[in-house]
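I opened my notebook to write down what I could look up in this chain, item by item.

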Amino acid sequence: MSILIIAPDRDLTAFSQRLAGLLPQQRILLWPEGQREAEVAVVWQPPVGWHQKLPRLRLIHSYGAGVEGLLADPQLPDVPLCRMVEPALAVAMARYLVGQVLADQLRLTELAAAQCQHQWIDGSPRGGRRVVILGRGAMGEPAGLLLRQLGFEVRWWRTVATANDELAGIEALQLALADCDYLINTLPLTAATDGLLNVALWQQAHGLVVINVGRGRHLVADDLLTALASGQIRRAVLDVFEQEPLPVGHPLWAHPQISISPHCSALTDPLGAAAVVADNVRRWQQGLPLCHLVDRQHGY
Ligand code: GLV
């Protein structure tokens with residue numbers, strides 16, 4: 001059987017070598033080789049129409065956690081599609097999120113700016129311990145548990161609330177934001193979550209910090225700028241953008257209350273990813289249920 005890796009803009013050599021080691025019976029090919037024989041495709045931002053050249057395609061495995069780009073393709077073959085859920089990605093995300101919350105509490109940006117000016121300022125850490133995390137999946141859960149260990153009061157917002165530290169429904173979320181210091185978005189981008197972080201959500205907020213590591217389209221940038229101006233939002237930490245790279249001169253770049261990172265909060269670990277893909281390929285060959293199979297109705 002042949003597994004084709006399609007990631008034109010990313011060097012997946014370490015991944016392909018580890019995958020070859022884990023699946024010695026299979027042929028591991030790198031795009032653009034082997035298109036006619038590939039039965040499994042592992043994809044990261046593949047070129048438009050990639051699957052039309054793969055007549056034997058039976059299984060698609062995303063190299064990334066988000067699959068909205070693949071699902072946006074109306075011609076995507078109706079074969080099982082799995083997303084990437086691997087432990088190192090979740091740890092990296094938890095570190096990034098905890099790091100951003102603590103950086104805000106410890107006023108690291110203000111301290112660095114004050115040092116540049118040789119100013120001795122009051123740098124006492126901020127208070128504010130109430131955190132709402134949108135999504136309690138592989139990204140949202142570990143970060144929340146870590147924040148809780150550091151003394152934060154964490155609640156998760158999800159489609160259905162099944163525990164008393166969970167919220168569901170837009171009204172409950174709006175209400176929770178009246179009483180929230182940090183709002184963290186880890187949701188997948190779907191028809192239901194597109195544009196969720198908009199003016200209606202900020203109505204009850206009083207100076208919260210919003211951290212977006214979901215997708216750029218979750219957040220309505222103009223509404224964010226308005227909420228920053230009104231004080232409903234105190235600061236925004238943005239790792240994802242509707243257009244990436246964020247265009248030079250975009251108003252988000254220079255805003256004093258916005259911190260930007262270039263979609264680097266958590267990157268798939270090639271070795272962990274190889275273990276996940278190898279496991280799913282074995283399951284598929286043995287007719288066992290696949291892990292992290294995407295539900296196309298729900299969009300993730
Ligand atoms: C990154 O954003 C991913 O989808 O893994």
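The entries below follow the order in which I looked things up, and I keep in mind that this is a predicted model.

**Entry 1: the sheet**

I began with the strands and asked myself in what order the five strands of the open sheet lie. I found the order β2-β1-β3-β4-β5, with parallel pairing. The edge strands are β2 (27-30) and β5 (81-82), each of which pairs on one side only.

I then went through the pairings in turn. Strand β1, residues 2-6, pairs with β3 in the parallel sense over four bridges, and I noted that Leu4 stands opposite Ala41 in β3. β3 and β4 also run parallel and are joined by four bridges, with Val42 standing opposite His61 in β4. Between β4 and β5 I counted two bridges, again in the parallel sense, and here the bridge partner of His61 in β5 is Cys82.

**Entry 2: what covers the sheet**

Helix α1 (residues 13-22) lies across β1, β2 and β3 and runs at about 165° to β2, while helix α10 (residues 270-286) lies across β1, β3, β4 and β5 and runs at about 160° to β4.

Are the residues on the two faces of β4 buried or exposed? I reminded myself that in a regular strand the side chains alternate between the two faces of the sheet. In β4, Leu59 and His61 point to one side and Ile60 and Ser62 to the other, and all of them are buried, so that I can call both faces covered.

**Entry 3: aromatic rings**

I looked for ring pairs and found three aromatic pairs in the structure. One of them is Trp44 with Tyr63, an edge-to-face pair with 6.5 Å centre to centre and 80° between the planes. This pair links distant parts of the chain, since Trp44 is in the loop between β3 (40-43) and β4 (59-62) and Tyr63 is in the loop between β4 and α2 (68-71), 19 residues apart. Trp44 counts as partly exposed because its relative accessibility is 23%, whereas Tyr63, at 1%, is buried.

Another edge-to-face pair is Phe152 with Tyr182, at 6.5 Å centre to centre and 85° between the planes. Phe152 lies in the loop between α5 (140-149) and β7 (153-157) and Tyr182 in strand β9 (residues 182-185), so this pair ties together parts 30 residues apart in sequence. Phe152 counts as buried at 4% relative accessibility, and Tyr182 counts as buried at 1%.

I also noted that ring pairs link Phe15, Trp44 and Tyr63 into a cluster. The charged end of Arg10 sits over the ring of Trp44, 4.4 Å from its centre, and Arg129 lies over the face of Phe152, at 5.1 Å from the ring centre.

**Entry 4: the nonpolar cores**

Which residues have the most contacts inside the largest nonpolar core? This core has 28 residues, and the answer is Val132, Leu134, Leu183, Trp202, Leu208, Val210 and Leu224. Among the elements that each supply at least two residues of this core are β6 (130-134), β10 (208-212) and α8 (221-230).

Key
Residues are numbered from 1 along each chain as its sequence is written. This is a predicted model: local features need pLDDT of at least 70, side-chain atom pairs count only at pLDDT 80 or more; totals for chains, interfaces and linings use all residues. Side-chain values use heavy atoms; hydrogens and water are left out. Rings of Phe, Tyr and Trp (its six-membered ring) pair if their centres lie within 6.5 Å; planes under 30 degrees apart count as stacked, over 60 as edge-to-face and the rest as tilted. Buried means under 20% relative accessible area, exposed over 50%, partly exposed in between (1.4 Å probe, protein chains only). A charge sits over a ring if NZ of Lys or CZ of Arg is within 6 Å of the ring centre and within 35 degrees of the ring normal. Two strands pair if DSSP finds at least two bridges between them. Contact means heavy atoms within 4.5 Å. Axes are lines fitted to C-alpha atoms, for helices over the stretch in contact, and angles run from 0 to 180 degrees between N-to-C directions. A nonpolar core is a set of buried Ala, Val, Leu, Ile, Met, Phe, Trp, Tyr and Cys residues joined through side-chain atoms within 4.5 Å.
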